[in-house]
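Please consider the sequence and the fold shown here together.

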Amino acid sequence: MKKILVFMLAAIMALSLAACGKTDSETSGSAEDSDLAYVKDKGTLVVGITDFEPMDYKDENGEWIGFDADMAKAFAKSLGVTAEFVEIDWDNKIMELDGKTIDCVWNGMTLTDEVTSSMACSNAYCNNAQIVIVPKDKADQYQDTDSLSDLTFAVEAGSAGEEQVSALDLNYTAVKAQADALMEVAAGTSDAAVIDSLMAAAMVGEGTSYADLTYTVGLNSEEYGVGFRKGSDLAKALNDFFASSYKDGSMTTCAEKYGVQAAIIEQ
């Protein structure tokens, strides 16, 4: 009996010593759960986006470009991996992240309460606002929020724009992307749209694809961030990258290429 007892004590001590010898990451499981390690191991950073000029859009060769797209490529390169872009349903962005269909949401994403509570987010990198888009010949009629009550709006599902029109109790139809919201107004199937000010500057007005549309009322002010899975260590890695790219001027150079330099937030 004594021999059995001694043997059991020795076994328990050996197990305890083995556990003590492990690193914190091994015992907590954090090494296994590291998004940074996961991305490096598979060799790709899969970026969830929508068609959103000047942040993410395709050039004539079908390649994704834009301020966010170019910065995502540069960040991926700094990690030693390749950026891959996947168009997502914006309303399902959190589900796409959690299901590992994508590794991040990097598409002029407003840092709303829903986003910051559901994702590990980067520092804010760009200022923005939600603004009302109407036909140019009707713009004089819609210069404040009180004038908007009789309009029907098109907004991107799950977007900050939808949040704004919902808060104002306006009539709206949710569409797949902000680009679709503009198409609705241009076609006359919706009276107005609410989209990001940076997108409006690139796509609405003289010299753009929507020369007959214009923007009027600003509904809020907000900031963009990049979202990762909850608890992801990629958020810190991106913050470090933002800081270094702002310091060396490459972020500003990229912003100037797409005309968004005035909106960049110092890192």
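The account begins with the overall architecture and then turns to local backbone features.

This is a predicted model, in which local features need pLDDT of at least 70, side-chain atom pairs count only at pLDDT 80 or more, and totals for chains, interfaces and linings use all residues. Residues are numbered from 1 along each chain as its sequence is written, and side-chain values use heavy atoms, with hydrogens and water left out.

The protein chain contains 12 helices and 13 strands; these are DSSP runs numbered from the N terminus, with helices being H or I of at least four residues and strands E of at least two. Of its 267 residues, 48% are buried, where buried means under 20% relative accessible area, exposed over 50%, and partly exposed in between, with a 1.4 Å probe and protein chains only. Among contacts (heavy atoms within 4.5 Å) between residues at least 6 apart in sequence, 70% join residues at least 24 apart.

Along the backbone, a cis peptide bond joins glutamate 53 and proline 54, with omega about 15°. Proline 54 belongs to the loop between strand 1 (44-49) and strand 2 (57-58).

Two residues other than glycine have a positive phi. Lysine 100, with phi near 60°, sits in the loop between helix 6 (93-98) and strand 5 (104-110). The relative accessible area of lysine 100 is 41%, so this residue is partly exposed. Aspartate 169, whose phi is about 60°, occupies the loop between helix 8 (160-167) and strand 10 (171-175). Aspartate 169 counts as exposed because its relative accessibility is 68%.
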